[in-house]
Amino acid sequence: MKKEYIILAAAIVALGLYLVLHNTDRTHYEIPEIAAPEKDEITRIDITGPSGTLALKRSDDAWLSQPEGYPLDKGKIDEMLEALSGIDVISLVSEAESYVQYDLGNDKRVFVEASSVEKPLLKLDIGKAASTHRHTYVRLVDDTKVYQVSGNIRRTFDVEIWALRDKKVMTLDRSSITGLTIEAGGESLYLEKISKPVEPVVEGQPQQGLTAWITADSTEADGAVVDGMLSRLTNLQSDGFPEDDQQVDMSEPAFTLTIHGSQDETLKIYGESGEKMFLASSSQYEFPFMLAEWRLNQIRKTPSELMGLTDEKE
């Protein structure tokens, strides 16, 4: 019996030592607290990774790439700002200084630096997403350990510049349009927008006039074709952009549409550049862009088509 007491006491002592050492070990592995920057503080984001090097800079209420000055997609920049301002380390994964398995080696990591006008705010290496795709492996600057942070932030920052560019190249307020000029195939046509009176449905209650498009000699154009063309331009998105080193010929547009109103706007279409992709420019967008053939066919209407003299292109 005495021997059993001795064994029990030894077990209790051993358990106590384990708990003490275990707690000490846990204290040694404290999770670092990151001073996450506020979204409004961040005025520049630099990214270096397998997809290349990006420098993104705030300019007033917009973000532009550097040094090109490409306008950037607001939704995608907001996603980056949310990720940086909400960065939250949730666990220590490894202190073995072995990074390859986490895609934190020099060839796979994505280095991100967020800065204000005055100073750097946050620097970290981003590795791959965890198997759950709800966390991401990261390494903090001046810290050799690997941690997990909330969210799959790898996909937010491992991007190329073309994926971040703003694809909105023209917006129109159709109510302010007063006329159109179309130049294509050696033909030129000016159409004025007018309001045609209609008979009131109820006597004494005038109805709003119908919109019509007429030439200088008052010949009426095909309103459905004109309206269909303008509807595609209300919020026109590009289908891509020419490569940085691609030589683009923008000397002779094949099609020019000028929209007259409080401020004239112009869309120009040039030659084919790539498989079923056409080079274009807009007075509302500083850089050339690409339109797919199917989209172009909804916009590029000749004067004859607008006057209803030929069948529309398929």
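Rings of Phe, Tyr and Trp, the last by its six-membered ring, count as a pair here if their centres lie within 6.5 Å; planes under 30 degrees apart make the pair stacked, over 60 edge-to-face, and the rest tilted. By this rule there are 5 aromatic pairs. One of them is Phe-241 with Tyr-285, which is stacked, with 6.2 Å centre to centre and 25° between the planes. That pair links distant parts of the chain, 44 residues apart: Phe-241 is in the loop between strand S13 (235–237) and strand S14 (255–260), and Tyr-285 is in strand S17 (residues 285–292). Helices (H or I, at least four residues) and strands (E, at least two) are DSSP runs, numbered from the N terminus.

Before I go on, the ground rules. This is a predicted model, in which local features need pLDDT of at least 70 and side-chain atom pairs count only at pLDDT 80 or more, while totals for chains, interfaces and linings use all residues. Residues are numbered from 1 along each chain as its sequence is written, and side-chain values use heavy atoms, with hydrogens and water left out.

Back to the rings. Phe-241 and Tyr-285 are both buried, where buried means under 20% relative accessible area, exposed over 50%, and partly exposed in between (1.4 Å probe, protein chains only). Tyr-285 also pairs with Phe-289: the ring centres are 6.1 Å apart and the planes at 90°, so this pair is edge-to-face. Phe-289 is buried, like Tyr-285. Tyr-70, Phe-241, Tyr-285, Phe-287 and Phe-289 form one aromatic cluster.

Next, charges. A salt bridge is a side-chain nitrogen of Lys or Arg within 4 Å of a carboxyl oxygen of Asp or Glu, and the count comes to 10. Lys-74 and Asp-78 form one, with the closest N and O atoms 2.8 Å apart. The two are 4 residues apart in helix H2 (residues 74–85), which means a separation of about one helical turn. Lys-74 is exposed at 57% relative accessible area, and Asp-78 is partly exposed at 31%.

Which residue forms a salt bridge with Arg-174? The partner is Asp-227, the closest N and O atoms being 3.4 Å apart. Asp-227 lies in helix H5 (residues 223–233) and Arg-174 in the loop between strand S9 (168–171) and strand S10 (179–184), so the bridge ties together parts 53 residues apart in sequence. Asp-227 is partly exposed at 33%, and Arg-174 is partly exposed at 31%.

A further salt bridge joins Arg-154 and Asp-158, again listed with its closest N and O atoms 3.4 Å apart. Here Arg-154 is buried at 12%, while Asp-158 is partly exposed at 26%. Arg-109, Asp-125 and Arg-139 are linked in a network of salt bridges.

Last, the backbone. Most residues other than glycine have a negative phi, and most peptide bonds are trans. Gln-66 and Pro-67 are joined by a cis peptide bond, with omega about 5°; Pro-67 is in the loop between strand S3 (62–65) and H2. His-133 is not a glycine, but its phi is positive, near 60°. His-133 sits in the loop between strand S6 (120–129) and strand S7 (135–140) and is exposed at 54%. Asp-142, also not a glycine, has a positive phi of about 65°. Asp-142 is in the loop between S7 and strand S8 (146–150), and is exposed at 81%.
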